[in-house]
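Subject: Structure handover

Hello,

Here is the structure I promised. Please open it alongside this note, and then read on for what came out of it.

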Amino acid sequence: MSRLDVAALREEFPILAAEVHGAPLVYLDNAATTQKPQAVIDRVARYYTEENANVHRAVHALAERATDAYEHARATVARFFNAAHPHEIVFVRGTTEAINLVADSFGGLHVHAGDEVLVSVMEHHSNIVPWQVLCARAGANLRVVSMTDEGELRASDVADALTARTRIVSIAHVSNVLGSVNPVRDIVRLAHERGAAVIVDGAQAAGHLPVDVQALGCDFYAASGHKMFGPTGIGVLYGRAEHLESMPPYQSGGGMVGSVSFEGTSYAPPPYRFEAGTPDVAGAVGLAAAVAFLERIDPAEIEAHEADLCAHAAAALGTVRGLRLVGTAPRRIGVLSFVLEGVHPHDVATMLDRIGVAIRAGHHCCQPLMDRLALPGTARASIAFYNTREEIDTFVAALAGVREFFA
Amino acid sequence: VSRELEDLYRDVILDHHKRPRNFRVIGSAQTAEGRNPLCGDRLTVYLQVEDARVTDASFQGYGCAIATASASLMTEAVRGKTIAEVDALAARFHGMVVAAHDAPLPALGELAALGGVRRFPARVKCASLPWRALLAIVSAGGGLVSTE
């Protein structure tokens, strides 16, 4: 057992005290979105109550407060991911927009006819489709590196898939279906040896394990605020300064310019060059509150607690007759996909919902991975640090009943 | 198991899920495929029509208990009916599954077993999937329909 005071932490998440269909909520859909602590909810409310104005525009007092709060949020997020400088943090809507930004701007600059972009078979659609669009536009080729049957992405397989034409490698830090923790540091080293840049989809990692972009050595790192206990609609793109400085704008308009005339326009330096229009100031401020909340907790304790829950859940699920875990890579964290013999994942999810247990069923935006696994979909329980062994036991006990019901 | 769950997964539904009727290919029939891309479900419906009357109906594919039972019950219900009657039946079935939680169930024979779906809005498209494929055959001669 870990040293995390889970009971005290749960008190800070008001929704965790909710009842669903007359039963206490057991929230095991954290890979879809995490719940928000009161500190985040209060921070967003306080922003609108006391600080709301547009940023980087006016000289009045509220505008200064809003701008301070927004830039303070950027510095807080930069510290959390250990970026070398706050200006390496671009606020976006989420991981999807971050990857689209890199594909469009950085990809447009560096990927040409005959070049290659490399992704893995376990990627989320948001780390596949933007690269397909780029490749179609550039006349480049999207290549796919596979995984083992257990769901392990091996660095050696990435090494084999890299060629002299590989310009970009875009890989999930943690799989949202299998929970596999991918060997990002090794992949970065191998890709850089071949002159390729690496984008890391960190949507499933941030908030679950420590993320140090400098230690990883990656060129870009993308994350979603709502999957790390912050608000929806705000996300983070980390990009190394040298890249961001060389990249053209993604969207254009107000806020991203140096000077504008009908003869020509110069662009603002990063990160503002990539933040056209009024940004989601409240979202950024709320995300900073989520980061401040996370920074109160030792990330090693979060990792240890989630590892304990994951091991406990995997062992308990192993006792359910007809259940098969999908994703058994040696290194993985709190995502447990499974199939139950004779029962469709959606029927599992509906049955569990009626006793208050929230899980997800379907392809989890990973249709190519489902094809690789030869499955139409899976049921998926995904944990966060506020989950308990008792919740896992409630969930697993219910599963045995589900199978009997449909048998 | 709660009363609502028992109302959704009635014995008739569980039976048609475990032992789907008309789960076969009709080589000479018109076909359409219904897909629910969010859950990976794919059902192909086969419809044999002679003189504007359904002489045989069947299905193949993969779906949840609700979709499978709905397809099974549908193929039983439409056999022998005219196309006009099939259209009317589809409309009444649709009305039943999207009705208010406490609305009285229409007289739809065995199809009324799917009435519990109206209390599970997220599952309505499971029940509707085979019917949408069927209507694609009736109205357009076949093709591919998707819930999304």
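A pocket here is an open set of grid points with protein on both sides within 12 Å along at least five of seven lines, and its lining residues have an atom within 4 Å of a point. Please keep in mind that this is a predicted model.

**The largest pocket**

The lining of the largest pocket has 22 residues. Those nearest its centre are His346(A), Ala349(A) and Ala361(A), along with Ala122(B) and Arg123(B). The volume of this pocket is about 440 Å³.

Which elements each supply at least two residues of its lining? From chain A they are helix H12 (345–353), strand E15 (357–358) and strand E16 (360–362). H12(A) gives the most, with 4 residues. By class, the pocket lining has 12 nonpolar, 5 polar and 5 charged residues.

**Where the chains meet**

Chain B puts 22 residues into the contact, and chain A puts in 15 residues. Together the two chains bury about 1600 Å². Carbon and sulfur atoms account for 61% of that area. On the chain B side, Tyr9(B), Cys39(B) and Tyr62(B) lose the most area to chain A. Together they make up 26% of what that side buries.

There are 2 salt bridges between the chains. Also worth a look is the salt bridge that joins the side chains of Arg354(A) and Glu4(B), at 2.1 Å from N to O.

**Cavities**

How many cavities of 30 Å³ or more are there? The count is 2.

The largest cavity holds about 70 Å³ of space. Its lining includes Val55(A), His56(A), Arg57(A), Tyr70(A) and Glu275(A). That lining divides into 4 nonpolar, 3 polar and 2 charged residues.

The second largest cavity has about 50 Å³. Among its lining residues are Gln204(A), His208(A), Glu306(A) and Ser382(A). Here the classes come to 5 nonpolar, 4 polar and 1 charged.

**One residue to check**

Ala300(A) sits in helix H11 (residues 299–317) of chain A. Is Ala300(A) buried, exposed or partly exposed? Its relative accessibility is 44%, so Ala300(A) counts as partly exposed. The cut-offs are under 20% for buried and over 50% for exposed. Ala300(A) is 166 residues from Leu134(A) in sequence. In space, the two lie 38 Å apart, C-alpha to C-alpha.

Best wishes

Definitions and conventions: Residues are numbered from 1 along each chain as its sequence is written. Chains are lettered from A and ligands numbered from 1 in the order in which they are written. This is a predicted model: local features need pLDDT of at least 70, side-chain atom pairs count only at pLDDT 80 or more; totals for chains, interfaces and linings use all residues. Side-chain values use heavy atoms; hydrogens and water are left out. Buried means under 20% relative accessible area, exposed over 50%, partly exposed in between (1.4 Å probe, protein chains only). On a 1 Å grid over the protein atoms alone, a cavity is a set of points where a 1.4 Å probe fits but cannot get out, and a pocket is an open set with protein on both sides within 12 Å along at least five of seven lines; lining residues have an atom within 4 Å of a point. Grid points are joined across faces, edges and corners, and a volume is the space filled by probe spheres set on the points. Ala, Val, Leu, Ile, Met, Phe, Trp, Tyr, Cys and Pro count as nonpolar, Asp, Glu, Lys and Arg as charged, and the others, Gly among them, as polar. Contact means heavy atoms within 4.5 Å. Buried area is the accessible area (1.4 Å probe) that two parts lose on being put together, summed over both. A salt bridge is a side-chain nitrogen of Lys or Arg within 4 Å of a carboxyl oxygen of Asp or Glu.
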